[in-house]
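Please look over the annotated positions and the ligand surroundings in this model. A short report is given below.

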Amino acid sequence: MAMANLARRKAYFLTRNVTNSHTDALRFSFSLSRGFASSGSDENDVVVIGGGPGGYVAAIKAAQLGLKTTCIEKRGALGGTCLNVGCIPSKALLHSSHMYHEAKHAFAHHGIKLASVEIDLPAMLAQKDNAVKGLTRGIEGLFKKNKVTYVKGYGKFLSPNEVSVETIDGGNTVVKGKHIIVATGSDVKSLPGITIDEKKIVSSTGALSLSEVPKKLIVIGAGYIGLEMGSVWGRLGSEVTVVEFAADIVPSMDGEIRKQFQRSLEKQKMKFMLKTKVVSVDASGDGVKLTVEPAEGGDQTTLEADVVLVSAGRTPFTSGLDLEKIGVETDKGGRILVNERFLTNVSGVYAIGDVIPGPMLAHKAEEDGVACVEFIAGKHGHVDYDKVPGVCYTHPEVASVGKTEEQLKKDGVSYRVGKFPFMANSRAKAIDNAEGLVKILADKETDKILGVHIMSPNAGELIHEAVLAINYDASSEDIARVCHAHPTMSEALKEAAMATYDKPIHI
Ligand SMILES: Cc1cc2nc3c(=O)[nH]c(=O)nc-3n(C[C@H](O)[C@H](O)[C@H](O)COP(=O)(O)OP(=O)(O)OC[C@H]3O[C@@H](n4cnc5c(N)ncnc54)[C@H](O)[C@@H]3O)c2cc1C
Ligand SMILES: NC(=O)c1ccc[n+]([C@@H]2O[C@H](COP(=O)([O-])OP(=O)(O)OC[C@H]3O[C@@H](n4cnc5c(N)ncnc54)[C@H](O)[C@@H]3O)[C@@H](O)[C@H]2O)c1
């Protein structure tokens, strides 16, 4: 499996002008033996441009491996998109809005009566901002602890081992490094004819800080951001309509799970307009008018909203880096091409995270960062993109790892399916939260697990038993024969595993 992945990653790479990675490692180990880290020169062993989950983790790991390291970050706070305007603030708001929704709609069923439940939006946003502040400062602390030099400013290449930095206090400095890692992440993908003003037409960043709950919210794109942020504002009272170009929501999800997921979101009053494209957006009046038409053409409809969220994907961010100046190759989508060691076509220049091909996820960026500096230090790094879990943090959550049933069919793989509904799980029933299922896909001949998909509250935590199993090439019988504590939601995974190779007990 690892070899197949390696071949896939190699295919991303343009073989023209490739530096021999073996030579690169030899050059590096020679440098190490000369002990350049303590030479007293101002040259770093590793310079990282970008302090997001890819960059800051790479910087800390490099320092832990004894390499003199500097990280350059332009936003004045570490943690990148994920901590500042992504994973963390969105999960804070998902949690707060879920608590409000539960208090309003579920508590009474558990015998808890509240005279009234109100939203204090400024307090909710402040709790999110405090969580972000604490975590970003925490990374600065980790930099100090690990002796990573932190330069606050915008970096651009002068040469393959020199970065000029316009510092945020108005100064300029040049940072030199034997190995430079580009970890500049991604930015929102804009749509033609739609100008994001972060007030009425917002990206995820604006949607994390709306000053009031919009009466009507239109979301463009039924991907992770659209469904998570749509859930937040829907729970707080917005009427949410999601316009999606494709025939399905989250097109990458297992089809069977996706259908149940969509039904669940519709029960929460989220409306979907699938196979629909946005033709124009007019924000000149009080609200926003959106003209849409069927994706294949046809009659146009006008929708009205107070706020429109543009969440139709993200695009690699390399603006102002001067990559062209040093000849770093990118693909048509602007993603930096790297080989299996995260090395670009330019000797000594590497790239990781959202700015290279692969899933745009924080944990994947972190794994890239660790593996990249391990290669730089002459060790072995490893990231298998086929085994990176994905989680949509709605309620219920949807989590998956490995192949979907559609992918196995397309690849002509013979497989078995084992499923178990949370309706038959005692813990889920006890807490009155029994929506969803576990679905396991295993090789028909060998029983090796190929894919696991979970829809349930906390699926994002439950999935890790499956992630571990898939990484250790476990069979469904391996999971089924492991004693699971009772009563837990995890027992549903054991029962689904039993259903895959034999029969479950509780259904
Ligand atoms: C709303 C939202 C929610 C998300 N939720 C999740 C989630 O729950 N789970 C998950 O896994 N992923 C989530 N993601 C995706 C996740 O944020 C990204 O995959 C992750 O941040 C990528 O990390 P990175 O280090 O590659 O890039 P980034 O986090 O984008 O960091 C890059 C950093 O580089 C800096 N930079 C760029 N250019 C320069 C330059 N020239 N000089 C200096 N600094 C520069 C930027 O300021 C930025 O801080 C979410 C994204 C969004 C937008
Ligand atoms: N929980 C998480 O892990 C999480 C949360 C948020 C974001 N992210 C990451 O951030 C990235 C960006 O998220 P996203 O939701 O913007 O992208 P996405 O790629 O997940 O979804 C974008 C959706 O927009 C649709 N679309 C594209 N163009 C359109 C158009 N013109 N009109 C209507 N629909 C259109 C696509 O078909 C797709 O369904 C993703 O790669 C995701 O991995 C992850």
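This is a predicted model: local features need pLDDT of at least 70, side-chain atom pairs count only at pLDDT 80 or more; totals for chains, interfaces and linings use all residues.

## Annotated binding site

An unreviewed UniProt entry lists K91, G155, T184, G185, S186, D354, M360, L361, A362 and H363 under "binding site". These positions spread over 273 residues of sequence, and they are spread in space too, with up to 29.9 Å between C-alpha atoms.

## S186

S186 sits in strand β6, residues 186-188. S186 counts as buried because its relative accessibility is 8%, and the cut-off for buried is under 20%.

Neighbours within four places in sequence aside, S186 contacts T81, R314, T315, P316, F317, D354 and M360. The UniProt list also includes D354 and M360.

## H363

H363 belongs to helix α11, residues 362-376. Its relative accessible area is 32%, so H363 is partly exposed. Beyond neighbours within four places in sequence, H363 is in contact with V388 and P389.

## Ligand 2

Ligand 2 is surrounded by 20 residues, and I225, E228, E244, G313 and V391 are the closest. By class, this shell holds 13 nonpolar, four polar and three charged residues. Helix α8, residues 224-235, gives the largest share of the shell, with three residues.

A polar side-chain atom of E244 lies 2.6 Å from an oxygen atom of ligand 2. A backbone N or O atom of G313 is 2.9 Å from an oxygen atom of the ligand. For F245, a polar backbone atom is 3.2 Å from a nitrogen atom of ligand 2. On its own, ligand 2 has 840 Å² of accessible area, and the protein covers 76% of that.

Conventions. Residues are numbered from 1 along each chain as its sequence is written. Chains are lettered from A and ligands numbered from 1 in the order in which they are written. Side-chain values use heavy atoms; hydrogens and water are left out. UniProt positions are given in the numbering used here, feature names are shortened, and annotations may be inferred rather than shown by experiment. Helices (H or I, at least four residues) and strands (E, at least two) are DSSP runs, numbered from the N terminus. Buried means under 20% relative accessible area, exposed over 50%, partly exposed in between (1.4 Å probe, protein chains only). Contact means heavy atoms within 4.5 Å. A residue is near a molecule or strand if one of its heavy atoms lies within 4 Å of it. A polar contact is a pair of N or O atoms within 3.5 Å; within protein, one must be able to donate a hydrogen and the other to accept it, and residues adjacent in sequence count only if both atoms are side-chain atoms. Accessible areas come from the Shrake-Rupley method with a 1.4 Å probe; for residues, only the protein chains shown count as cover. Ala, Val, Leu, Ile, Met, Phe, Trp, Tyr, Cys and Pro count as nonpolar, Asp, Glu, Lys and Arg as charged, and the others, Gly among them, as polar.
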